Amino acid sequence: MDIRKVKTNTTISVIFIFLLCFILGIIRWINIFNENVFVITKEINSHITNFTISLMLCTLIGYLLLCYRKKYWIIVIVGLVLISINLIYETIFPFINTVDLIDAVYGVVGVIISLIYLLFINKKGFDN
């Protein structure tokens, strides 16, 4: 298989995104034990998990696809599938999850940020 050569800055940025999501997740879970610890506001804190999971999942899948020279439009399709799954899970399956449209919006925002990031690294993040 033909794998693209990743620039060092790209690798650092991917690690940074995952580290940031990990830190946001830790802050969210610390909040369970201490309600005075939260991400920016308590409202954001209650939905940050969906944002970070969506951001990390889309970034990971998209990054791997880009490394294997797949076209960006395939990543957009992956993003649309993730958005669809997120919306369906947060609105139609109340027996698995509490219906929460705001949580779905946070997930959609995570995917959109990831798609913008992946578009940038598709253009500038690899040595061709």
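Biologist: Why is V108 called buried?

Modeller: First, the ground rules. This is a predicted model, so local features need pLDDT of at least 70, side-chain atom pairs count only at pLDDT 80 or more, and totals for chains, interfaces and linings use all residues. Residues are numbered from 1 along each chain as its sequence is written, and side-chain values use heavy atoms, with hydrogens and water left out. Now V108. Buried means under 20% relative accessible area, exposed over 50%, and partly exposed in between, with a 1.4 Å probe and protein chains only. V108 has a relative accessible area of 18%, so V108 is buried.

Biologist: Where does V108 lie, and what is V108 in contact with?

Modeller: V108 lies in helix α4. Helices are DSSP runs of H or I with at least four residues, strands are E runs of at least two, and both are numbered from the N terminus. Contact means heavy atoms within 4.5 Å. Leaving aside neighbours within four places in sequence, V108 is in contact with I83, N86 and L87. V108 and F51 are 7.6 Å apart, C-alpha to C-alpha, and 57 residues apart in sequence.

Biologist: What makes the pair R69 and D2 a salt bridge?

Modeller: The definition asks for a side-chain nitrogen of Lys or Arg within 4 Å of a carboxyl oxygen of Asp or Glu. The side chains of R69 and D2 meet at 2.6 Å, N to O, so the pair is a salt bridge. R69 lies in the loop between α2 (42-67) and α3 (72-91), and D2 in the segment before β1 (5-6), so the pair ties together parts that are 67 residues apart in sequence. The structure holds 1 salt bridge.

Biologist: What is in the largest nonpolar core?

Modeller: A nonpolar core is a set of buried Ala, Val, Leu, Ile, Met, Phe, Trp, Tyr and Cys residues joined through side-chain atoms within 4.5 Å. The largest has 23 residues, and Y63 and L118 have the most contacts inside it. α1 (8-33), α2, α3 and α4 (101-124) each supply at least two residues of this core. α2 gives the largest share, 7 residues.

Biologist: Which residues does L118 touch?

Modeller: Beyond four places in sequence, L118 touches C58, T59, G62, Y63, L66, Y72 and I75.

Biologist: Why are C58 and C67 called buried?

Modeller: C58 is at 1% relative accessibility, so C58 counts as buried. C67, at 8%, counts as buried too.

Biologist: How many disulfides are there?

Modeller: A disulfide is a pair of cysteine sulfur atoms within 2.5 Å. By this rule the count is 0.
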